[in-house]
Amino acid sequence: MPSCIGAVILPLSGLLLSLTAGADVKARSCGEVRQAYGAKGFSLADIPYQEISGEHLRICPQEYTCCTTEMEDKLSQQSKLEFENLVEETSHFVRTTFVSRHKKFDEFFRELLENAEKSLNDMFVRTYGMLYMQNSEVFQDLFTELKRYYTGGNVNLEEMLNDFWARLLERMFQLINPQYHFSEDYLECVSKYTDQLKPFGDVPRKLKIQVTRAFIAARTFVQGLTVGREVANRVSKVSPTPGCIRALMKMLYCRYCRGLPSVRPCNNYCLNVMKGCLANQADLDTEWNLFIDAMLLVAERLEGPFNIESVMDPIDVKISEAIMNMQENSIQVSAKVFQGCGQPKPAPALRSARSAPENFNTRFRPYNPEERPTTAAGTSLDRLVTDIKEKLKLSKKVWSALAYAICKDEGVTAGTSNEEECWNGHSKARYLPEIMNDGLTNQINNPEVEVDITRPDTFIRQQIMALRVMTNKLKNAYNGNDVNFQDTSDESSGSGSGSGCMDDVCPTEFEFVTTEAPAADPDRREEDSAAARLGHSLLSWSLVGLALAVQRLCR
């Protein structure tokens, strides 16, 4: 009998102890949680004073808890918002890099074009006066088309420059032959002899190579800054999946429900959650890095052989040199044109009986590189590009590093030095699962986030494609090619297929050897002959014809 009684008493006493322990758990205060919850801006009316049974919880462990259903819902939404803000804040550097540098480069380039146009206009007005002013639209159209190309207009640089020289030849041909009357058809015939006669010497060929390569590189580079800016802005605005939101809630706020609001998540726990939530963003990294590499290559071209500043600053002097070549070769040019296009009709006697003003004999002063103006926001292209390159290098691997950057934040995790006293998703203890690798396919066994590796994010894939297209454009620009106008000419120019640099070596003086170039050094001969011509060209017979022309136009 006593043994029977003892057998009954022992279970009852165990039950009594269990109930007593349960009473102790139930009686645990939620005061610390109430304080932390209120600090988030939530109403304390949602939270109990003591722990309650947790069967109602859908995300957090269904144990005794300080969370009601309403609290879990609100904290789940809060975790989503905090995650979105963390991604945006962490990617702030890369976004501001592209925004600010795009603005800087765009300002610089536009001001460079404005300065070049103003410099040419001022010089030509001083030197040619009314003669230039009556034909200034030819030069104005040149700069208008260059600006249109830079801003994304459908302009074929090679054809546009060819048209400029053809128009200039038509105007000058009339000026050096004022004794004749030329019809529109005849002038059209004259323009067809531009390439054959080379009335402006080698200046058009050189300038075409320099301008096309420099403009292609500059426009493509600023387009790259635009694409980088847009991709960074879009990718930084994340839309977490339901599986990600559950994992975020469990990591950030289930500790509240367990009465541990001051215990921060374990660093490795955070990494697995972030790698799962940012799996698609990490996949962007490969194409992003290729894009940054291509941007850096084009930046090197802008610092060296494709330097737009060294092309545009002296463009007025180069065009003036071409005009002088035309003056000095006017007899030969006219004779060959008359032979090919026929003898023109004589002009009325009044037109050929006028003389030129004496000040037309002025030549342009030599260009001094030290006088190169400092443009846009007090910087030169070299300094601007160097600054951009430094920032671009820092933005490499930014998307795969996003998870690490977020989890490194002291406000998010307990840090790497506190692996024992941290929240592991269930309690205050070490986080044991291994850390996943980066990217979507590596999340198949992610212990924290449910990730469907068979369904890549369409939006991220669109950004990858945008980067891939831009990288291809940059590679073409690096070789001096414009992908919008491939194979438009056999001549070496930026718009065609032959203007790139072979074996990563580019001549430093913008010279390219074409199929029609002789074996000897044409540039040295040109420089020697140009120096010899300067001494006596002002006394040449060609000024007589020009004098008649100026008198006719200015009278």
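**Entry 1. Disulfides**

I began with the cysteines and found that C189 and C341 form a disulfide (a pair of cysteine sulfur atoms within 2.5 Å), with sulfur atoms 2.0 Å apart. I noted a torsion of about -90° about the S-S bond of C189 and C341, so this disulfide is left-handed. C189 lies in helix α8 (residues 184–191) and C341 in helix α18 (residues 330–341), so the pair ties together parts 152 residues apart in sequence. For the naming of elements I used DSSP runs numbered from the N terminus, where helices are H or I of at least four residues and strands are E of at least two. C341 is buried, with a relative accessible area of 18%. Here buried means under 20% relative accessible area, exposed over 50% and partly exposed in between, with a 1.4 Å probe and protein chains only.

I record the basis of these entries: the model is predicted, local features need pLDDT of at least 70, side-chain atom pairs count only at pLDDT 80 or more, and totals for chains, interfaces and linings use all residues. Residues are numbered from 1 along each chain as its sequence is written, and side-chain values use heavy atoms, with hydrogens and water left out.

I then searched the whole structure for disulfides, and the search gave seven. One of them joins C60 to C254, with an S to S distance of 2.0 Å. This pair links distant parts of the chain, 194 residues apart: C60 is in the loop between α2 (31–39) and α3 (69–90), and C254 is in helix α12 (residues 254–257). The link of C60 and C254 is left-handed, with -90° about the S-S bond. I looked up the accessibility of both ends: C60 is buried at 4%, and C254 is buried at 0%.

I also examined the disulfide of C244 and C277, where S to S is 2.1 Å. The torsion about the S-S bond of C244 and C277 is about 110°, so the disulfide is right-handed. C244 belongs to helix α11 (residues 242–252) and C277 to helix α13 (residues 267–277), distant parts of the chain that are 33 residues apart. C244 counts as buried at 1% relative accessibility, as does C277 at 13%.

**Entry 2. Helix α21**

I next inspected helix α21 (residues 458–478), which has 21 residues. From first C-alpha to last, α21 reaches 30 Å, close to the 30 Å expected at 1.5 Å a residue; the expected span is 1.5 Å times one less than the number of residues. At the start of α21, I found a side-chain oxygen of D457 within 2.9 Å of the backbone nitrogen of F459. After α21 comes G480, whose phi is positive, near 85°.

I listed the buried residues of α21, among them I460, I464, L467, M470 and L474. The buried residues of α21 pack against α10 (203–235), α14 (279–283) and α15 (285–303).

**Entry 3. The nonpolar core**

The largest core holds 141 residues, of which F105, F215, W288, M312 and I319 touch the most other members. Helix α10 gives the most to this core, with 15 residues.

L467 is one of the buried residues of α21.

I also checked D106, which lies in helix α4 (residues 92–128). D106 counts as buried at 18% relative accessibility. Leaving out residues up to four places away in sequence, D106 touches Y150 and V222.

I turned to backbone torsions. Most residues other than glycine have a negative phi. K198 has a positive phi, near 45°, and is not a glycine. K198 is found in the loop between α9 (194–197) and α10, and is partly exposed, with a relative accessible area of 40%.

K397 has a positive phi of about 60° although it is not a glycine. I located K397 in the loop between α19 (381–394) and α20 (402–407).

How values were computed:
Contact = heavy atoms within 4.5 Å. Polar contact = N/O pair within 3.5 Å; in protein donor to acceptor, adjacent residues only side chain to side chain. Core = buried A, V, L, I, M, F, W, Y, C linked by side-chain atoms within 4.5 Å.
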